[in-house]
Amino acid sequence: MTKNDTQNSLCKKHIRISDIILKALIFLCSAVVVAMTLGMIIYIAVKGMEGMSWTFLSTPAFSYPYENYGVLGNIINTLYLVVITLLVATPIGVGAAIYLTEYAKQGRLTKIIEFTTETLSGIPSIIYGLFGSVFFYNIFKLNYSILAGALTLSIMVLPTIIRTTQEAIKTVPLGYREGAIGLGAPKWHMIRTVVLPSCIDGILTSVILSIGRIVGESAALIFTAGIASELTSFDSIADVFTKVLNQGGSLTVQLYQYAQRGGSEMKYAFSTALVLLVTVLIINICAKLVAYRVRKKRS
Amino acid sequence: MENENVKISTKNVNLYYGENHALKDINLDIKTNRITAFIGPSGCGKSTYLKSLNRMNDLVPGCRITGSFLLDGEDIYADGVDTNVLRRRIGMVFQKPNPFPMSIYDNVAYGPRVHGIKSKAKLDRIVEESLIGAAVFDEVKDRLHKSALSLSGGQQQRVCIARAIAVQPEVILMDEPTSALDPVSTLKIEELMNTIKDKYTVAIVTHNMQQAARISDYTAFFLVGEMVEYGKTDDIFSRPKDKRTEDYITGRFG
Amino acid sequence: MEKASEYAATPAVKPKAASSIRSRRSGLTGIAERAMKYLFTLCGVTAVACVLMITIYMIISGAPAIGKIGILDFLFGDTWYAKNEQFGILPMILTSIFGTLGAILIGVPVGLFTAIFLAELAPKALKNIVKPAVELLAGIPSVIYGLLGAMLIKPLMYDLEEMIFANDPTHKFTGGANLASAIIVLAIMILPTIINISENAISAVPNEYREASYGLGSTKIQTIFKVVIPAAKSGIASGVVLGVGRAIGEAMAIILVAGNSANMPSLFSSVKFLTTGVVAEFAYSSGLHREALFGIGLVLFVFIMIINLVLNGILKSGKKKEAKAKK
């Protein structure tokens with residue numbers, strides 16, 4: 001009664017050529033992506049070490065007569081950009097996220113805000129650059145300056161902060177809120193004491209992601225923060241603040257200049273790239289650590 | 001027992017999920033063109049056993065199986081077995097209706113297409129026959145190219161049965177096929193099972209003892225990974241040999 | 001005030017009790033509560049204000065040039081020569097479109113296959129290598145891509161160019177700074193976007209579909225390509241659209257490899273994208289020239305807005321389908 005014809009035999013392997021081809025393509029593509037990434041990192045590391053020195057890290061580049069190659073000025077400028085951008089964007093972004101999740105009723109306004117946030121995240125940085133160069137000049141009479149650059153970047157990172165914070169707030173268990181409201185706590189009190197503390201990691205994540213974007217940004221900065229790479233001398237406390245009204249090229253902008261001039265300066269472009277890459281790596285690791293902490297807390 | 005052929009024979013089956021010993025020494029023969037029901041409380045291993053028959057447990061990481069499984073005398077777990085051929089011969093209907101997010105036609109034609117049938121006329125015929133076989137053709141014939149997700153749960157499940165029939169399996173495994181459905185749909189599927197057993201060997205896991213009593217020819221009772229009793233459905237329900245079986249079917253636990 | 005009533009969930013039995021609940025919100029806490037509400041609302045509409053401002057300013061600064069040059073001459077003029085006040089951006093528009101298409105053509109298959117690997121096939125150990133690699137790829141600043149493109153891809157493309165056009169005396173050699181190099185850099189740049197979004201979409205496909213497919217005797221690869229990918233298609237499509245957005249808006253990664261002369265696009269000629277045109281000329285431009293660059297910005301902005309609308313449409317239809325499936 002057993003029908004063991006060849007067609008039905010369990011052990012007859014059917015070779016499916018299309019399966020094999022597709023599988024090979026899948027493995028090939030993944031291998032290419034990994035090899036490419038590793039190759040890029042190693043290449044930058046090796047090339048970057050050529051021009052790397054303590055002098056490179058501890059002195060600024062002079063725009064004329066191009067005889068010193070360093071990035072200290074740009075590192076300081078980048079730090080300024082990061083700090084100011086976060087100071088402006090984080091409160092607004094977190095506030096917007098709180099509005100969207102806690103106050104807004106599901107209606108037209110929420111939809112518009114969510115749509116515009118999406119739109120903001122899709123606008124390319126060069127448009128931000130163009131916009132920033134006219135807008136902040138028209139409104140605040142700001143010429144090329146760190147402040148104009150930071151304000152431009154603030155708009156750019158806003159969607160990241162809003163969305164990441166929103167996600168974090170949504171994960172705060174309903175029970176916590178009900179507990180607070182059940183005790184008669186007013187809304188802001190509830191947000192301050194219950195919601196914000198439990199999504200602080202989410203806000204931290206959004207800040208870390210934003211730092212990554214700020215450090216890596218270039219096109220939005222060339223026309224807003226400019227390209228200067230000199231060190232400002234901090235003679236008085238006031239200088240720390242007035243610096244924001246001066247031009248200041250970020251690391252990425254300096255890299256672009258080195259690369260554009262080419263020739264012997266190419267190696268300094270790679271050294272700058274190495275500095276950026278290490279920064280990005282550190283940022284990635286920080287983001288991982290925060291995510292790990294969140295997971296540990298949840299479980 | 002009567003002069004019946006054994007379709008699937010399993011001997012000394014043990015199954016582990018990691019450290020968990022989920023099936024213990026199961027010996028059970030499934031008879032050709034009969035409906036065999038597996039009953040027992042949740043977590044007793046009946047679904048696990050069912051899924052080991054077409055090696056769906058292979059997909060579960062950390063799952064280890066020993067013992068012998070023979071389909072028409074051929075070892076299901078032998079080296080070199082093509083699980084795709086195995087699953088074409090032993091089809092499966094799942095607990096939750098799970099039609100693909102495609103049209104009804106494409107759902108039913110999926111299996112035949114995967115197994116290399118390309119002719120439109122042939123596919124048309126298979127789809128129609130399968131839907132008729134699953135007693136759902138009249139309800140969906142005017143909207144074969146509409147999404148299967150637009151159907152009711154009961155219709156979806158019958159489309160899933162049609163989809164399983166379309167690859168012309170020899171055995172159909174059903175894992176609580178009606179537990180997510182309303183009573184009317186359940187009744188339709190029970191009637192359907194009675195008509196398809198002439199062509200197919202059916203093994204069904206059910207939570208519902210009345211269902212097992214109504215539709216099956218043989219019943220196996222599982223309890224915490226062991227098969228307590230196996231025999232003709234009438235015998236199991238009217239003259240259980242084991243105390244535990246009796247307690248279960250009289251509703252004393254479970 | 002309305003907030004107070006919202007949380008007095010049970011309808012007041014006695015009117016007096018209700019008013020006493022209301023009165024508790026006066027005083028300092030009440031003011032703080034209301035102030036915070038307005039503050040948060042203000043934050044919420046900031047995003048809207050920003051988009052409005054950007055739109056308005058892009059139009060204000062871009063439209064005059066288009067008006068002066070003439071919209072047809074601007075959009076369809078085939079010569080861009082600032083010295084002679086010839087501002088036709090058709091070559092740049094076409095370069096941006098073809099460049100983006102090329103990047104998609106290379107980046108989408110590679111990205112999708114990698115996403116499939118991550119979501120369906122990769123053993124855990126391998127996944128732990130590939131995933132961080134993709135994350136790193138996403139984090140690398142675009143100028144670095146440009147730098148690497150200039151150092152690695154440009155020479156490679158130059159070799160290729162020399163091979164292909166060895167016997168063609170009419171070909172203008174680009175030294176590798178051409179559309180082909182730019183396409184490769186763009187393709188690499190959009191990979192992380194495509195991979196991440198496709199992987200999420202594939203992972204979100206319910207397991208029941210896979211089980212059903214295996215249950216019918218189909219292989220893993222058949223299941224992936226015939227069930228899983230079709231079920232994830234709206235998610236994958238939104239990844240592709242986002243990739244298009246990234247590619248069309250990218251400037252710094254390609255400015256060093258594209259060559260920067262406003263030729264009609266062809267793989268081995270030096271080209272100017274909408275974005276690279278702006279970056280390359282902005283610093284020294286003035287008068288109508290600068291206005292024309294803002295005009296380019298406006299055109300780019302319109303492209304991006306169209307892409308955003310398409311994306312929104314895809315996401316909406318995807319959500320509708322999901323809702324239907326749940327029913």
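Let's start where chain A meets chain C. The contact draws 65 residues from chain A and 70 residues from chain C. Two residues are in contact if their C-beta atoms, placed from the backbone, lie within 7 Å. On the side of chain A that touches chain C, helix 1 (residues 17-51) of chain A gives the largest share, 15 residues. By class, that side of chain A has 48 nonpolar, twelve polar and five charged residues. Nonpolar covers Ala, Val, Leu, Ile, Met, Phe, Trp, Tyr, Cys and Pro; charged covers Asp, Glu, Lys and Arg; the others, Gly among them, are polar.

A word on the source. This is a predicted model: local features need pLDDT of at least 70, side-chain atom pairs count only at pLDDT 80 or more, and totals for chains, interfaces and linings use all residues. Residues are numbered from 1 along each chain as its sequence is written, while chains are lettered from A and ligands numbered from 1 in the order in which they are written.

Next, the domains of chain A. The assignment, automatic or from a database, gives domain 1 (14-51) and domain 2 (54-298). Their centres, taken over C-alpha atoms, are 32 Å apart. Seven residues of domain 1 are in contact with nine residues of domain 2.

Now chain B, and helix 7 (residues 183-196). Helices (H or I, at least four residues) and strands (E, at least two) are DSSP runs, numbered from the N terminus. Helix 7 of chain B has 14 residues and spans 20 Å from first C-alpha to last, close to the 20 Å expected at 1.5 Å a residue. That expected span is 1.5 Å times one less than the number of residues.

Which residues of helix 7 of chain B are buried? They are Lys188(B), Ile189(B), Leu192(B) and Met193(B). Buried means 20 or more other C-beta atoms within 10 Å of the residue's own; exposed means 12 or fewer, partly exposed is in between, and C-beta atoms are placed from the backbone. Seen down the axis, the buried residues of helix 7 of chain B fall within an arc of 140 degrees, so they line one face. The arc is that of the directions from the helix axis to the C-beta atoms. The face turned away carries the exposed Pro183(B), Val184(B), Glu191(B) and Asn194(B).

The buried residues of helix 7 of chain B pack against several elements of chain B, including strand 3 (35-39). In strand 3 of chain B, five of five residues are buried. Strand 3 pairs with strand 8 of chain B in the parallel sense, over four bridges. Pairing needs at least two DSSP bridges. There, Phe38(B) stands opposite Val205(B).
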